[in-house]
Amino acid sequence: ARGIGNIKDVTMAVDAPVPPKSFLPQRPLLPMTHYHIIGFVVVFFAGNWALVKYQFGPVVGGSFEQKFSIENPTFRTFLLTSVILLIKLIMHAFWTVFFATKNNSFSKNPEDYNTGLASVAPSKRESDPEQDRAQRMHLNCLENYPLAVLCHLIMVSVGPDPTAASSFMWTYVGARCVWAFWYWNAGSHEGRAIMYSTGIFCNIGCCFQVLAALAIV
C-alpha cells in the first residue's frame with residue numbers, strides 16, 4: 001500500500017505546472033538548497049567588504065555642488081542609468097497592457113473585462129500566459145528599481161570612488177536587462193536568480209561606499 005508521502009508526491013507531480021517552450025535552458029545546472037541562500041548573503045557582504053578594502057580607491061568626497069554637478073562623471077552616470085531604469089519600468093507597464101489588449105485578457109477590474117481585441121474571446125489574466133508573465137516582470141521591476149535608484153543616489157551623495165560607482169550602476173542596469181530577456185523567454189530560475197543576485201550585490205556595494213565614507217568599513 002502507498003503511504004501518505006507517496007500519494008502527496010503523485011499529487012504534486014500531477015499538479016506541477018508545465019513550463020512554456022524556450023530556447024534557453026530551463027533546468028538548473030546545480031542542485032539548489034536553502035544553504036545556498038545563506039551563501040549568497042555572505043558573498044554580498046564579504047565580497048563588497050573586500051572590494052572596499054583591496055580593490056576600489058578611497059571615497060573622493062567633495063562639496064555638494066561638486067558631487068551633484070552635471071560636470072561630475074559619477075553624477076552623469078547616475079542620471080543616465082536612472083533614466084534607463086525608469087523608462088524600462090514604464091515600458092514594462094505598456095508591455096503588460098499590449099498583451100492584455102492583444103489577447104483580450106483585461107480582468108484587473110470587473111469593468112475591464114472584454115475590453116481588448118474584439119476578435120479574440122475574452123479571458124482573465126491568469127488564463128493568459130503572456131500577459132501574466134509580463135505583469136510578473138513589471139511587479140518585480142516595481143519592487144527593485146526604486147531601491148536601486150535610492151542606493152545609487154546615496155552613494156553619489158558621499159562622493160564615491162568613480163570606478164566603484166560606475167561599475168555598480170552600469171552592472172546593475174546590464175544585469176536587469178539580461179534578467180528581463182531571460183525571464184520573458186522562460187529561462188531557468190537559476191539563470192534569473194544569478195542576474196537578480198548580481199543586481200543585489202551592486203546595491204549592497206553602493207551601501208558599502210557610503211559606509212566607507214563614514215569610516216565604518
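In this predicted model, Arg-192 sits over the face of Tyr-183, 4.5 Å from the ring centre. Trp-179 and Tyr-183 are edge-to-face, with 5.1 Å between centres and 85° between the planes. Both belong to helix H6 and are four residues apart, so about one helical turn separates them. Trp-179 and Tyr-183 are both buried.

Trp-179 is also among the residues with the most contacts inside the largest nonpolar core, which has 26 residues; Phe-78, Met-155 and Phe-168 are others in that group. Helices H4 (73–102), H5 (129–157), H6 (162–184) and H7 (189–213) each supply at least two core residues. H6 gives the largest share, ten residues. A second, separate core of five residues includes Phe-44, Val-52, Ile-204 and Phe-208. Beyond its sequence neighbours within four places, Met-155 is in contact with residues including Phe-168, Met-169, Cys-206 and Val-210.

The structure holds 13 aromatic pairs. One of them joins Phe-56 and Phe-168 edge-to-face, at 5.7 Å centre to centre and 75° between the planes. Phe-56 is in the loop between helices H2 and H3 and Phe-168 is in H6, so this pair ties together parts 112 residues apart in sequence. Phe-56 counts as buried because its relative accessibility is 13%, and Phe-168 does so at 5%. Elsewhere, ring pairs link Phe-64, Phe-68, Phe-75 and Phe-78 into a cluster.

At the start of H4, a side-chain oxygen of Asn-72 comes within 3.1 Å of the backbone nitrogen of Thr-74. The 30 residues of H4 should span 44 Å at 1.5 Å a residue, which agrees with the 43 Å between its end C-alpha atoms. Asn-104, with a positive phi near 50°, follows H4.

Definitions and conventions. Residues are numbered from 1 along each chain as its sequence is written. This is a predicted model: local features need pLDDT of at least 70, side-chain atom pairs count only at pLDDT 80 or more; totals for chains, interfaces and linings use all residues. Side-chain values use heavy atoms; hydrogens and water are left out. A nonpolar core is a set of buried Ala, Val, Leu, Ile, Met, Phe, Trp, Tyr and Cys residues joined through side-chain atoms within 4.5 Å. Buried means under 20% relative accessible area, exposed over 50%, partly exposed in between (1.4 Å probe, protein chains only). Contact means heavy atoms within 4.5 Å. The expected span of a helix is 1.5 Å times one less than its number of residues. A polar contact is a pair of N or O atoms within 3.5 Å; within protein, one must be able to donate a hydrogen and the other to accept it, and residues adjacent in sequence count only if both atoms are side-chain atoms. Rings of Phe, Tyr and Trp (its six-membered ring) pair if their centres lie within 6.5 Å; planes under 30 degrees apart count as stacked, over 60 as edge-to-face and the rest as tilted. A charge sits over a ring if NZ of Lys or CZ of Arg is within 6 Å of the ring centre and within 35 degrees of the ring normal.
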